[in-house]
Structure formats: C-alpha cells, structure tokens
Amino acid sequence: MKKETLIIGFFFVIVCGLLMVFSPDVLSLVFVIIQSVFMLLGYIFGILQVSRYSKSFQIARATIHINKNEIQTNDLWIALSRDDNLFALDSLDKEFSLFKNLVKERKRKPNTVLPDIEDYINEDSVSIRTNKGTVSQIPETLTGIGILGTFVGLIIGIGSIGFSSDVAALTSLKTLISGIQVAFYTSIVGLILSICFNLVYKYCWNILLRDMFLFLNDFHNHVIPTEESQMKELQVKYYSTMLKYYNDSEEGTVSPK
C-alpha cells in the first residue's frame, strides 16, 4: 500500500501540474492552484491516513499468523494480550487495550460471553479516525470551486461589454472571450480533479475495508469468536450437559436432588 500511495501522490502532482501549465490566464491559474491545494489536503489527511490504517491491519493480521504458527499453546489470546503494539498505530492500539481490559475482566467469570473486538474496531470508528466525513467532501468542493470560477469568469466577461465605439466593442469582446475561457476552464479542472480524487479515494478506502475485514475474520477464527458464536457454543454445552444429566438419571446413576 505504501508504494501505491506514493504512486497516487505522484499522479496527483502530474495532473495538477499539467492543469496549471495549460491555464489560459492568470485568473484560471489562481483557481487551479486553489483546487490543487484542496487535492493536496485530501491526499495528506485522507489518502495517507487510509494507507496507514490499512498497513496497521496488515501488521496485526501478520502477527496473528506468526504467533499461531510459533506458539505451542492453543490459547493465542495470551500472546496477543501481551502485545501492546499489535497494530503499530496508537489509535488502534488504544482501542485494543480497552478491549483487552474488558476481556480480562470477563474471563474471571466462568461461562461468560467475551466481548467482540468489532465493538471497538469497526468501519464507523475507522471512518472517524481517518477523517472520512471531511475528506469525502473534497470532490464536491473541487467541483464547487470550478463553478465559482465559472461565475467569476462570466461576470468579468459580461461586465466588460461596451459598444460606445468600435475600439471599445473590440476590447470588450476580447475581455468577454477571456472571461468565458476562465469560466469553462475552471469548471473542466474542477470536474477532472473531482473525478480523479473520488476514484482514487474510493479505491484506497475499499482496500482499507478489505484489510480490516480480513483482520477481523482471522481474529474471530483464531483468537476470540464473535459474541453470537460464543452464545451458540454455550447453548450447545448447556443442552449437552442437561441431556447427559437426564440420561444418567434415567439409568439411575444420578440420584435426583
């Protein structure tokens, strides 16, 4: 993911640079620079953050598999509970620490359903920490800036119209054409950057979700099952115990109390 993130950053720089180079005038260039700044902010606070979290889930998943293969005991949880840096990311490690404390507390009681790690680490919590709500507004902001440039260009062009003389008419016509250039170019740039950022961000976000769900799946399968699975297991044990007790009573090996 780190290599892909660098490629994405390089791609954004090239696209923004080309759009700046082909700006028809200074006003268009100003709007392109503003849009490029928003792209840069989205890359830093959105895509790089998503990449960090995706990498942290890969690290945690690899740790589970390494311990599973090396540890001689079946209780993989003991090894993971001693790891204070499972995700190599402070925010996730803090959530995992809270989860560990609750598991430790519930393990003191027999036949108790342990908490589910998804109560602490899930799509909603990751969305908040990766600024998804804010970053997802960037494509609309880029388009909005382009529309703003459209109106500014049209105002400049229309406001300069004058027909007091042939020279004035020719000058106003040139200004009108220049304003129309600003109007169309800023809108086009806004659409191009919006589409590019939206596609790339959704791609990175889907990779993050994939890595998170793979981690959760491995954790549920090898460490602590889901609460639903634990409930079913406790029910099976309970009915098995009751059935055994009933059969023993029928055979006379257990005297009723």
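Leaving aside its neighbours within four places in sequence, with which residues is D116 in contact? In this predicted model, the residues that D116 contacts beyond that range are F99, H220, T226 and E227.

The chain contains nine helices and zero strands. Read from the N terminus, the order of elements is therefore α-α-α-α-α-α-α-α-α. Of the 257 residues in the chain, 37% count as buried. The chain exposes about 15400 Å², and carbon and sulfur atoms supply 63% of this area. Among contacts between residues at least 6 apart in sequence, 75% join residues that are at least 24 apart.

In soluble globular proteins, nonpolar side chains tend to be buried together. In the present model, the largest nonpolar core comprises 48 residues. The members that touch the most other members of this core are I47, F57, F87, F99, F197, F215 and F219. Two or more residues are contributed to this core by each of the helices α1 (2–21), α2 (26–70), α3 (76–81), α4 (90–107), α7 (138–159) and α8 (166–222). Helix α8 provides the largest share, with 14 residues. One of the core residues named above, F87, illustrates the packing in detail. When residues up to four places away in sequence are not counted, F87 touches S56, F57, I59, A60, L92, D93, F96, I121 and F215. Two of these partners, F57 and F215, also belong to the group of core residues with the most contacts to other members.

Attention now returns to D116, which is found in the loop between α4 and α5 (123–129). This residue is buried yet has no salt bridge. The side chain of D116 instead makes a polar contact with the side chain of H220, at 2.8 Å.

A polar atom of the T141 side chain lies 2.9 Å from the backbone oxygen of Q137. T141 and M39 are 102 residues apart along the chain, whereas their C-alpha atoms are separated by 9.8 Å.

Key
Residues numbered from 1 in each chain as written. Predicted model: local features only at pLDDT ≥ 70, side-chain atom pairs only at ≥ 80, totals over all residues. Heavy atoms only, no water. Core = buried A, V, L, I, M, F, W, Y, C linked by side-chain atoms within 4.5 Å. Buried < 20%, exposed > 50% of the residue type's maximum accessible area, 1.4 Å probe, protein only. Helix = DSSP H or I, 4+ residues; strand = E, 2+ residues; numbered from the N terminus. Contact = heavy atoms within 4.5 Å. Lys, Arg positive; Asp, Glu negative; His and termini not counted. Salt bridge = Lys/Arg side-chain N within 4 Å of Asp/Glu carboxyl O. Polar contact = N/O pair within 3.5 Å; in protein donor to acceptor, adjacent residues only side chain to side chain. Areas by Shrake-Rupley, 256 points an atom, 1.4 Å probe, with all protein chains shown as cover.
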